[in-house]
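I set out to read this structure from its overall dimensions down to single side-chain contacts. My entries follow in the order in which I looked things up.

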Amino acid sequence: MGSTARTSNVTELILTGLFQDPEVQRICFGVFLPVYLATVVGNGLIVLTVSVSKSLHSPMYFFLSYLSLVEISYSSTIVPKFITDLLSKIKTISLQGCITQIFFFHFFGVVETLLLTVMAYDRYVAICKPLHYTTIMSRSVCHFLVAGSWLGGLIHSMVQILVIVQLPFCGPNIIDHYFCDLHPLFKVACTDIFVEGIIVFANSGLFSVISFLTLVSSYIVILVHLRNHSAEGRRKALSTCASHITVVILFFGPAIFLYLRPSSTLTEDKQVAVFYTVITPMLNPIIYTLRNAEVKNAMRRLCGRKVNSGVERQ
């Protein structure tokens, strides 16, 4: 990353933020701070519940706990700075800090994408090959799939960063966004970024579409296969799949909108970005727990255990 500083006379960037009106920014601070706290607490509670509950040791919950951990990390890459910037008149970030934010934002975003794909595969095996489920989804396979998701995120982000660090940045040093991302940063580069734009299009846009189509295809196969199940089996499987499908649509819809087109100055970009950086990570634990009796019961037992231990201490 040191080469960036040598080829650029921009070392600090100014973020325009989400809104310009100070009053609106203060209202946003009052709204988004509780949302972020709910994201951390909600996803953290899922991680804790899965790790201590004996009834939640199946592969599905193993993947869910990692998904929740990634949600916390993904949201924390953007939201804490965004929230504090809402109270600042001038919002600045160093060029190195900007590149670091892009790295982790894309890293955790792709890890989440791959984990959602892994979870779809898990549901496919559970519903379509139930007799071989424990053999196919062994603990070692589950660990391998999670490790593969982290590795995929790392490779994807390294490609993004290799594209950025070769660019010269000579101003103006204003980014029309509330966090650092590729398209807004490209506008600060003082060179033609056509090739870089194509690379990002392939690395982010096409990756999102292929992953989304893979997920949709797997769920179509699952739904077709469910016709052979009993009414009770269908109901239980559909309940689980509905949660997964909802999360997939919430996650992929905005990503495809932003990355599967050329760089532009659409004002909708910021509003769409707020949805998937701030709102969606909070919704995921709600979606998974509301439709899942096992998780809800395990959380009740966990809370009951804490209350009882507190009473015993007194």
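**Overall dimensions.** I first compared the radius of gyration with the globule rule. The protein chain has 314 residues, for which a compact globule would have a radius near 20 Å, and its value of 21 Å agrees. The radius is taken over C-alpha atoms, and the rule is 2.2 Å times the number of residues to the power 0.38. Along the principal axes, the C-alpha atoms fill a box of roughly 65 × 50 × 30 Å. I noted that buried residues make up 47% of the 314; buried means under 20% relative accessible area, exposed over 50%, and partly exposed in between (1.4 Å probe, protein chains only).

**Basis of the entries.** This is a predicted model, in which local features need pLDDT of at least 70 and side-chain atom pairs count only at pLDDT 80 or more, while totals for chains, interfaces and linings use all residues. Residues are numbered from 1 along each chain as its sequence is written, and side-chain values use heavy atoms, with hydrogens and water left out.

**Secondary structure.** I found eleven helices and three strands in the protein chain. These are DSSP runs numbered from the N terminus, helices being H or I with at least four residues and strands E with at least two. From the N terminus on, the order is α-β-α-α-β-α-α-α-β-α-α-α-α-α.

**Sheet.** The three strands form an open sheet in the order S2-S1-S3, with mixed pairing. S2 (91–94) and S3 (174–175) are at the edges with a single partner strand each, so one side of each has no neighbour in the sheet. I then looked at S1 (residues 12–15), which pairs with S2 in the antiparallel sense over four bridges; pairing requires at least two DSSP bridges between two strands. Leu-15 stands opposite Lys-91 in S2.

**Helix H6.** I checked the length of H6 (residues 139–165): at 1.5 Å a residue, its 27 residues should span 39 Å, and its end C-alpha atoms are 39 Å apart, which agrees. The expected span is 1.5 Å times one less than the number of residues. Among the buried residues of H6 are Cys-142, Val-146, Ser-149, Gly-153 and His-156.

**Nonpolar patch.** Which helix gives the most to the nonpolar patch? H6 does, with five residues, and H6 and H8 (194–225) each supply at least two. The patch, including Leu-151, Leu-154, Phe-194 and Val-195, has about 800 Å² of accessible area together, by the Shrake-Rupley method with a 1.4 Å probe and only the protein chains shown as cover. Patch residues have over 30% relative accessible area and no salt bridge; like charges are joined within 9 Å, and nonpolar side chains (Val, Leu, Ile, Met, Phe, Trp, Tyr) within 5 Å. Val-195 lies in H8 and is exposed, at 53%.

**Salt bridges.** I searched the whole structure and found four, each a side-chain nitrogen of Lys or Arg within 4 Å of a carboxyl oxygen of Asp or Glu.

- Glu-23 pairs with Arg-26, the closest N and O atoms being 2.8 Å apart. Both lie in H2 (residues 22–52), three residues apart. Glu-23 is partly exposed at 42%, as is Arg-26 at 48%.
- Arg-123 meets Asp-122 at 2.9 Å, N to O. Arg-123 is buried at 12%, and Asp-122 is buried at 0%.
- Lys-270 meets Asp-176 at 2.9 Å, N to O. Lys-270 lies in H10 (residues 268–290) and Asp-176 in the loop between S3 and H7 (182–186), so the pair ties together parts 94 residues apart in sequence. Lys-270 is buried at 10%, whereas Asp-176 is partly exposed at 46%.
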